[in-house]
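Me: I have a structure open and want to go through it piece by piece. Can we start with the strands and then move to the ligand?

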Amino acid sequence: MTLALNIDTRAWRANIKSVQDSFPGLVPVAKGNGYGFGLEALAREAARMNEDCIAVGIAEEVAVVRAAGWSRDVVVLNPWRPFDAAATALLEEPGVITTVSRLEDLDALVRQYPRARVLVELRTSMNRHGLTLEEVVAVDTGTLGFEGWAIHLPPTGALAEAQTLASTGVAHQRGAVWVSHLDATHYAKLRTHLGGSTRMRIGTKLWMGDASTYSATGSVLDLHRVSRGTRFGYHNGKVTRDGWLAVVSGGTAHGIALAAPKKLKSLRDRVNATAEWALDEVGRQVSPFRIGKKKASFAEPPHMHASMLFLPGADPGVQVGDEVPVTCRMTTTTFDELRWN
Ligand SMILES: *Cc1c(COP(=O)(O)O)cnc(C)c1O
């Protein structure tokens with residue numbers, strides 16, 4: 001009764017290998033829901049790849065990759081803040097590298113945790129975290145273990161921007177340059193330009209780079225013949241045509257959701273989008289479950305672990321027990337089962 005992720009393990013690893021070969025200094029990123037594969041599986045995979053360092057998003061994720069057996073360095077990508085107790089608790093762990101993105105935070109660490117290992121983050125055009133170029137002159141890492149400069153570029157990674165930031169940082173204090181989101185060509189150019197040590201943090205391209213190597217499926221749990229006017233569901237809606245209600249595994253707990261309308265052009269579209277659920281729209285919201293050649297319609301919004309679909313006509317095209325393909329957004333889906341085929 002599960003939402004499953006089916007992985008062609010050999011093919012999945014072939015993509016990982018090709019990314020690893022194209023990016024010397026790779027740091028696999030294992031954060032959040034583990035890009036659908038789970039943090040534990042990614043930590044084990046990084047060990048299998050024989051990498052020396054893994055990146056997690058937040059301090060709380062360090063214990064998860066450790067429990068999965070990862071024993072080498074872990075860099076925490078989200079920058080440290082004095083009010084982050086979990087991150088502060090890791091400052092004296094020799095295997096953890098903390099990202100620092102404000103001068104006052106750097107000063108606090110120099111004074112209170114003089115042996116912490118740190119990366120100093122520079123502000124990119126993302127404008128998320130990091131020191132501005134003007135602030136670099138004020139960087140004093142004292143007795144901290146300085147691991148280098150972190151540069152988080154937007155996904156359309158700009159080489160020129162990376163070069164300017166990296167050069168400014170390295171000119172002030174020598175160290176490795178840790179980047180994100182450069183393509184292989186630009187990364188190679190940056191390495192040549194800098195000459196020093198570079199690290200490349202990659203998640204999406206590494207784990208999800210070849211979507212043909214994994215697929216999600218739900219199971220048909222129940223099937224009911226219904227006629228026009230039959231009431232059903234939490235919303236006590238009525239079906240508008242004769243057909244079938246199919247109950248399939250996969251609901252809100254897994255991250256299965258109603259799709260937002262792509263473009264809200266007319267006032268009517270906007271009204272429909274804001275209405276909680278329009279009963280006269282039953283059977284008209286496209287679900288991510290494919291039955292036959294088409295995406296089936298939701299009969300009503302997804303439930304916690306299952307979804308009700310409406311299949312018009314005399315033949316539902318599926319039976320109880322069938323597995324049906326589901327289009328899932330990997331970074332927001334929690335699967336019940338991972339099948340490493
Ligand atoms: C998440 C993250 C990455 C990895 O991004 P992907 O697009 O998944 O490769 C790299 N760097 C930083 C700072 C991040 O937060």
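**Strands, ligand, helix**

Reply: This is a predicted model. In the hairpin formed by β14 and β15, two residues sit between the strands, and G292 has a positive phi near 70°.

Me: How do β14 and β15 pair, and over how many bridges?

Reply: Strand β14 (residues 285–291) and strand β15 (residues 294–298) are antiparallel, with four bridges. V286 is opposite S297 of β15.

Me: And which residue of β16 is the bridge partner of S297?

Reply: F310 in β16. Strand β16 covers residues 306–312 and runs antiparallel to β15, joined by two bridges.

Me: OK, the ligand. Which residues surround it?

Reply: V29, K31, Y35, L77, R128, H152, S180, H181, R201, I202, G203 and T204. By class, that shell has four nonpolar, five polar and three charged residues.

Me: Which side chain has an N or O atom 2.6 Å from a ligand oxygen?

Reply: That is Y35. For the side chain of R128, the distance from an N or O atom to a ligand oxygen is 3.4 Å. G203 uses a backbone N or O atom, 2.8 Å from an oxygen of the ligand.

Me: How much of the ligand's accessible area does the protein cover?

Reply: The protein covers 88% of the 390 Å² that the ligand has on its own.

Me: Switching to α7. What caps its N-terminal end?

Reply: D183 does, with a side-chain oxygen 3.2 Å from the backbone nitrogen of T185. The helix spans residues 184–194.

Me: What follows α7?

Reply: G195, with a positive phi near 75°.

Methods
Residues are numbered from 1 along each chain as its sequence is written. This is a predicted model: local features need pLDDT of at least 70, side-chain atom pairs count only at pLDDT 80 or more; totals for chains, interfaces and linings use all residues. Side-chain values use heavy atoms; hydrogens and water are left out. A polar contact is a pair of N or O atoms within 3.5 Å; within protein, one must be able to donate a hydrogen and the other to accept it, and residues adjacent in sequence count only if both atoms are side-chain atoms. A residue is near a molecule or strand if one of its heavy atoms lies within 4 Å of it. Accessible areas come from the Shrake-Rupley method with a 1.4 Å probe; for residues, only the protein chains shown count as cover. Ala, Val, Leu, Ile, Met, Phe, Trp, Tyr, Cys and Pro count as nonpolar, Asp, Glu, Lys and Arg as charged, and the others, Gly among them, as polar. Two strands pair if DSSP finds at least two bridges between them.
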